[in-house]
Amino acid sequence: QVQLVESGGGLVQTGGSLRLSCAASGRTSSSYAMGWSRQAPGKEREFVAAISRSGDHTYYTDSVKGRFTISRDNAKNTVYLQMNSLRPEDTAVYYCGARDARFNVYWLGRKTVDYDYWGQGTQVTASS
């Protein structure tokens with residue numbers, strides 16, 4: 001099992017940047033594919049980005065392509081989400097997820113339900 005703790009959220013002006021971090025503890029995080037999802041008030045949870053165990057494969061939902069970058073540092077058991085050119089519609093609680101992928105270094109999931117473990121979330125607010 002793995003425990004996930006997100007950090008780095010906050011209030012930023014439209015067009016600004018934030019970097020979210022997700023620290024994993026428990027079983028070695030390098031065995032897991034990782035992802036980020038978000039949920040805005042009154043809206044369904046939306047899957048945002050994913051990265052394979054190897055870090056070679058990534059996925060982004062269309063609305064964040066070219067603005068967000070997911071990365072990982074397996075030595076630090078940490079996954080990052082660099083968010084640039086933030087918009088008011090990016091305002092949400094952002095969650096980090098993990099899925100055991102020890103048998104497939106290139107696998108990544110593209111939906112929230114693909115991941116078994118989730119953190120408590122961190123609030124991101126982009127305000128004009």
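Author: We can begin with Ser71, which touches Ile51, Val79 and Tyr80 when residues up to four places away in sequence are not counted. Please keep in mind throughout that this is a predicted model.

Reader: Why is Ser71 called partly exposed?

Author: Ser71, which lies in strand S7, has a relative accessibility of 30%. Buried means under 20% and exposed means over 50%, with partly exposed in between, and therefore Ser71, at 30%, counts as partly exposed. Ser71 and Met34 are 37 residues apart in sequence, and their C-alpha atoms are 9.5 Å apart in space.

Reader: Why does Ser21 count as buried?

Author: The relative accessibility of Ser21 is 17%, and since buried means under 20%, the label follows. Ser21 lies in strand S3 and, leaving aside its neighbours within four places in sequence, is in contact with Val5, Glu6, Ser7, Trp36, Thr78, Val79 and Tyr80.

Reader: What makes S1 and S7 the edge strands of their sheet?

Author: The open sheet has four strands in the order S1-S3-S8-S7, with antiparallel pairing. Strand S1 (2-7) and strand S7 (68-73) each pair on one side only, and they are the edge strands. On average, neighbouring strands of this sheet are turned by 20° against each other, direction ignored.

Reader: Which residues touch the most other members of the largest nonpolar core?

Author: That core has 28 residues, and those touching the most other members are Met34, Trp36, Leu81, Met83 and Tyr94. At least two core residues are supplied by each of S1, strand S3 (18-26), strand S4 (32-39), strand S5 (46-51), S7, S8, strand S9 (92-100) and strand S11 (122-127). Leu81, leaving aside its neighbours within four places in sequence, is in contact with Leu18, Arg19, Leu20, Trp36, Ala49, Phe68, Thr69, Ile70 and Tyr94. There is also a second, separate core of five residues, among them Phe47, Ala50, Leu108 and Tyr115. In soluble globular proteins, nonpolar side chains tend to be buried together.

Reader: How do you know that the radius of gyration agrees with a compact globule?

Author: For 128 residues, a compact globule would have a radius of gyration near 14 Å, and the protein has 14 Å, so the value agrees. The C-alpha atoms fill a box of roughly 45 × 25 × 25 Å along the principal axes, and 44% of the 128 residues count as buried. The protein has zero helices and 11 strands. Among contacts between residues at least 6 apart in sequence, 62% join residues at least 24 apart.

Technical notes:
Residues numbered from 1 in each chain as written. Predicted model: local features only at pLDDT ≥ 70, side-chain atom pairs only at ≥ 80, totals over all residues. Heavy atoms only, no water. Pairing = 2+ DSSP bridges. Axes fitted to C-alpha atoms, helices over the stretch in contact; angles between N-to-C directions. Core = buried A, V, L, I, M, F, W, Y, C linked by side-chain atoms within 4.5 Å. Buried < 20%, exposed > 50% of the residue type's maximum accessible area, 1.4 Å probe, protein only. Contact = heavy atoms within 4.5 Å. Rg over C-alpha atoms; globule rule 2.2 N^0.38 Å.
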